[in-house]
Amino acid sequence: MGFSADWLALREPADHAARDAGLLRQAAVAAGPAPVILDLGCGTGSTVRALAPHLPRSTLWRLVDNDPDLLDRAAKAARDGGARAETHARNLADLDSLPLEGVTLVTASALLDLMPEAWLRAFAALLGVPFYAALSYDGRMEWQPEEARDAPVTEAFNRHQRGDKGIGQALGPDAAPTAAAVFAEAGFDVIRARSDWQLGPEQAPLQAELVRGIAAAAEEAGAECAAEWGAARVAAARDAACMIGHGDMLALPRDTAQGNI
């Protein structure tokens, strides 16, 4: 369960444009006046860069990933913005190893759809501070111009997304509603928002790389038309548009929710 720095850099502008701005600001407020933020699966620091304009420069970021190179990049992003940073090379499957002491907000981006429901339930039971989870893929894809192979490829890709990503069967497209229900059951007030990618011809390189990944996964999941679909979509990327559905969530412990927002 890892992603290259090149892919993360390619998708970051789309991620930042898609994040729900109101929920982002609420998450920054929920972090409190002296934020200590634990960012799970931090990658190169996209969440750091998204939240930084709304946080004091004294913010301390605790950055968690299993890739030392990505951790170094994320720490640089935090320090370049004037914040402090700690790096923690961790396997997210080991919840007991997470450096939660003193944390005022936990964040994660494009992560929950990779995790199993059992992990999510254990994490919600462990957590007593606000949790901001952005950009969870929700199974919706729309392509312009449409074509007949879109539906079977989407269905196969979504099936693939529910496979084991290293620590158990992933939630995939079910992550956003499942997370909302799990955190509500665990005693949180949950606010949700859409954060769909809207990609046009100006994002042709991202479209093309996205299509390659979708086609490969869909083919693995049994879509015989996936390779031809992918080749056609890559060739048409400079004249095409797509919507990829995502959701954001802010979960606030009920005993502190009114005071934070």
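Tutor: Helices (H or I, at least four residues) and strands (E, at least two) are DSSP runs, numbered from the N terminus. Keep in mind that this is a predicted model: local features need pLDDT of at least 70, side-chain atom pairs count only at pLDDT 80 or more, and totals for chains, interfaces and linings use all residues. Residues are numbered from 1 along each chain as its sequence is written, and side-chain values use heavy atoms, with hydrogens and water left out.

Student: OK, and in what sense do E1 and E4 pair, over how many bridges?

Tutor: E1 and E4 run parallel, with four bridges between them. Two strands pair if DSSP finds at least two bridges between them.

Student: Which residue of E2 is the bridge partner of Leu38?

Tutor: That's Arg62. E1 and E2 (residues 60-65) are also paired in the parallel sense, over five bridges. To get from E1 to E2, the chain passes through helix H3 (residues 46-51), and this β-α-β crossover is right-handed. Right-handed means that, with the strands pointing away from the viewer, the path from the first strand over the helix to the second runs clockwise.

Student: Is E1 enclosed or open, and why?

Tutor: Five of the five residues of E1 (residues 36-40) are buried, so the strand is largely enclosed by the rest of the structure. Buried means under 20% relative accessible area, exposed over 50%, and partly exposed in between (1.4 Å probe, protein chains only). Val36, Leu38 and Leu40 cover one side, while Ile37 and Asp39 are on the other.

Student: Switching topic: how many salt bridges are there?

Tutor: The count is 16, where a salt bridge is a side-chain nitrogen of Lys or Arg within 4 Å of a carboxyl oxygen of Asp or Glu. One of them joins Arg11 and Asp15, at 2.7 Å from N to O. Both sit in helix H1 (residues 5-18), four residues apart, which is about one turn of the helix.

Student: Are Arg11 and Asp15 buried or exposed?

Tutor: Arg11 and Asp15 are both buried.

Student: What about Arg194 and Asp196, how far apart are N and O there?

Tutor: Their salt bridge is 3.1 Å, N to O. Arg194 is exposed, at 55% relative accessible area, whereas Asp196 is buried, at 13%.
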